[in-house]
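Biologist: I am new to this structure and would like to learn how to read a few of its features. Could you take me through them one by one?

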Amino acid sequence: KLPYYDAVVHETLHLRPTIDDHFFPAGTVLSISICSIHRNLQVFGKDALNFNPDRWLTNARETMEKNFMSFSYDLRACIGRNVDSMMELKKTFAMLFRPFDFRLEFPVHETSVPEGFHLNCTEFPAFISKRSKV
């Protein structure tokens with residue numbers, strides 16, 4: 001088990017869920033705003049908009065998990081969220097970050113991730129190099 005690694009993955013999905021605010025015409029059937037839920041200060045704390053994986057290592061984790069909607073929730077939830085999706089995400093990160101070093105080209109430059117129905121990173125200028133030892 002890698003509790004801090006798990007916390008980083010949860011925190012990433014907390015701040016950047018797969019669906020976000022979007023304009024829909026009148027009469028469109030809508031669901032809830034995942035970003036609104038993930039930004040709830042009462043659930044995720046006063047720093048809900050900050051990247052803080054440590055929040056997932058506290059006693060508040062159970063409450064946060066009940067409000068964690070990155071894969072939806074209840075009967076409409078992604079059927080592979082616990083096994084396939086999270087495992088795939090964690091394995092992908094591990095497979096990328098173990099053999100390679102990543103360094104941002106502009107460390108103080110804010111990465112552009114426009115808010116919309118789907119979040120798409122429009123730029124991520126980085127240097128990637130193979131590690132000498134894995």
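Predicted model: local features only at pLDDT ≥ 70, side-chain atom pairs only at ≥ 80, totals over all residues.

Biologist: In which helix is confidence lowest, and in which is it highest?

Modeller: Across the protein chain the mean pLDDT is 77, and 73% of the residues reach 70 or more. Confidence is lowest in helix α2 (residues 34-38), with a mean of 77, whereas it is highest in helix α3 (residues 41-44), at 90.

Biologist: How many aromatic pairs does a search of the whole structure find, and how is such a pair described?

Modeller: Two quantities describe a pair of aromatic rings, namely the distance of the centres and the angle of the planes. The search of the whole structure finds 4 aromatic pairs. One of them joins W56 and F68, which are edge-to-face, at 5.4 Å centre to centre and with 80° between the planes. This pair links distant parts of the chain, since W56 lies in the loop between α3 and α4 (61-66) and F68 in the loop between α4 and α5 (81-97), 12 residues apart.

Biologist: Is D6 buried or exposed, and which residues does it touch beyond four places away in sequence?

Modeller: D6, which is found in helix α1 (residues 3-15), has 13% relative accessibility and therefore counts as buried, the cut-off being under 20%. Leaving aside residues up to four places away in sequence, D6 touches R61 and K90.

How values were computed
Residues numbered from 1 in each chain as written. Heavy atoms only, no water. pLDDT = per-residue confidence, 0-100. Helix = DSSP H or I, 4+ residues; strand = E, 2+ residues; numbered from the N terminus. Buried < 20%, exposed > 50% of the residue type's maximum accessible area, 1.4 Å probe, protein only. Contact = heavy atoms within 4.5 Å. Phe/Tyr/Trp six-rings, centres within 6.5 Å; stacked < 30°, edge-to-face > 60°.
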